[in-house]
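Please look over the model below before you read on. My notes follow as numbered points.

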Amino acid sequence: MLPLSPSFARLLVAAALVRYAAAATDYLIVGGGTAGLVLAERLTEDPKVSVLVIEAGGDGLGNVDISDIGRVGAAWGTDIDWQFPTQPLKYANNRQLTPSPRGKVLGGSSAINGAFALQSHSWILLTVPLGDVYERGDAIEYDQWETLGNSGWNFDSLIAAAKKGEQFFAPGSSDNIDYVLGDHGTTGLLPTSYGGVAPEFHNTIIKGVVNAGGVKSSDQAGGVVTGIAHVTNARLPSNNTRSTSATGYYFPYSHRPNLQVTLHSTVTKILWTSIPRVTSGQAIASGVEYVDASGATHTAVSDTSLSGRLDPHLHLQNATNIVLSGGTWGTPPILERSGVGNATLLTSLGIQSVVDLPGVGENLNEQTLVAMQWQLNSSLPSPGSPFLLNVEPLETTFGAGNLAQLETLLNATPEGLNPALWDMHKRLYEKSAPWIEGYIYLASPANGPSTLTWYPVNLHPLSRGSVHIVSKDGLTYPKIEYNFFQNPIDLYIMAAGAQRVQEIVATKPIADYIVAPVAPAAGVTSIEDLSEYIKEQAGYTNHIIGTALLAPRADGGVVDPNLKVYGTKNVYVVDASVIPLQPSAHTQATVYALAEHAAELLKQ
């Protein structure tokens, strides 16, 4: 499908926004982000199904910080970014990271993602342009979802959903990129491509990785992620613009009479029908409360006796299902303010407990990375994309010398990690799943030699954080704890990953281009010294998951295999907060696949 011009798209959106919700509304979706708009489009393919999406941000049309991929990171700190503050890193020298960016606009974080955030010295980039990487995880990882107790959630179901949504544009024969066409979908709604011609220096890096004991991959999209390869982006190659869930799944279909979107409206909590029904075993939702751009509070409900200050154009004749798509930061606070969460916490804040569900807001998981940089002896072309990633299992990263210490650490149960999740991570190691990613970035200034920056990423950290409300006020930010390196094994794995990068860079032919390390300094090579460097320099990847866990309730789960919230009859969660295990990838593609699969489940 050809891209819509901003002016024409805005007309379609305006038409959609003036429609009244007088007819039955089958699904009220909270959040028009990556997952929410996928779900809205797929459900309204059936003209008999009506959907209302309530989005806190605007439409984003005409915003070059979204469309122009050369402006990656420019949207951070603007009005289309939630700018969530986080707590200091108490296991990493009590450092304070910059606010975590999350998209507050149609398309959500698919509209502003694509950069790493680092707290670094002046010699290194604070925001690392990663474009709009669209890559899937490994089959071993996705199959663990089902092993955890989530029937039907496995590699086969997720790869089918991913291919359904993808519209892959293959590279040209002279683009210096290997790929496997059968690993991609070609008829979906989201354009993906490699974004450019790979420079010759990428071949040098690939040879160096192979010479250092790594492997070359033709394509990481088919379920085997291990190896070094170029990865796709969510990008339309004809005009080199970012693909988002809004451009792919909403704007072209906003004219549908059964699809409505309300903008600049922040949902604060779910409304329930009555206490007797709530206490009978399953809480039944009738609508939501939200705050508009002026600060006024309204409701979108099917039961007028609960409406309070009823906003007529959001009066629902029959709100059959409530779907939360507020994201890993946004969904748990809505549940907690609605009385769904840890009853002790809620009672302390003056909130009546509706469903005692202690897993809400727990199990926060984020991948960590650190920058390592070298000065090169020449100035090399630096196209920015395509992106080159090297992904390895722990056996390759550690080598025989450090494996014994790793396995000793693996035998100790991590603090704060549910035993079922711990067993899942041990199975990853036993199956040689990918664990360390290396993102490779070549920067070439206008004058002077290039620099090579290599970012080792811990794909499966065992440390767990949390996100919880601190008051009943629906507009107050929650308290977010990353807890990076709470578990010592995470720091050890990161340090070993840094050693592995040093080994690769010292291998020919890469070594032929190296003048000297910029950071860490020469001589910082031991596990101990690298650990100190990492505690001072590590940053987040914006790959946050797990705070409304897809798992059995006894294992800290919040939603069942149908993504329905435990203890409720008609409340669902469809966003990254349900993901039980980090993929060996950037999260975006997995969220699209999750939403596609969720749509199929809800249609049944």
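1. Which residue follows helix 6, and is its phi positive or negative? Helix 6 is followed by Gly213, and the phi of Gly213 is positive, near 100°. Keep in mind that this is a predicted model.

2. Now the helix itself. Helix 6 covers residues 200-211, twelve residues in total. From first C-alpha to last, helix 6 reaches 17 Å. That is close to the 16 Å expected at 1.5 Å a residue.

3. Next, burial. The buried residues of helix 6 are Phe201, His202, Asn203, Thr204, Ile205, Ile206, Gly208 and Val209. What covers these buried residues includes helix 13 (488-505). Strands are part of the cover too, among them strand 7 (227-231), strand 18 (372-376) and strand 20 (434-443).

4. On to charges. The count comes to 18 salt bridges. One of them pairs Lys48 with Asp46, at 3.3 Å from N to O. Lys48 counts as exposed because its relative accessible area is 69%, over the 50% cut-off. Asp46 is partly exposed, with a relative accessible area of 28%.

5. Compare another pair. Arg71 and Asp65 meet in a salt bridge of 2.6 Å, N to O. Asp65 has 13% relative accessibility, which is under 20%, so Asp65 counts as buried. Arg71 is partly exposed at 36%.

6. Some salt bridges share partners. Such bridges join Glu41, Arg42, Glu45, Lys164, Arg256, Glu596, Glu600 and Lys603 into one network. Within it, Glu41 forms a salt bridge with Arg42, and the closest N and O atoms are 3.6 Å apart. Both Glu41 and Arg42 are buried.

Terms used. Residues numbered from 1 in each chain as written. Predicted model: local features only at pLDDT ≥ 70, side-chain atom pairs only at ≥ 80, totals over all residues. Heavy atoms only, no water. Helix = DSSP H or I, 4+ residues; strand = E, 2+ residues; numbered from the N terminus. Expected span 1.5 Å × (residues − 1). Buried < 20%, exposed > 50% of the residue type's maximum accessible area, 1.4 Å probe, protein only. Contact = heavy atoms within 4.5 Å. Salt bridge = Lys/Arg side-chain N within 4 Å of Asp/Glu carboxyl O.
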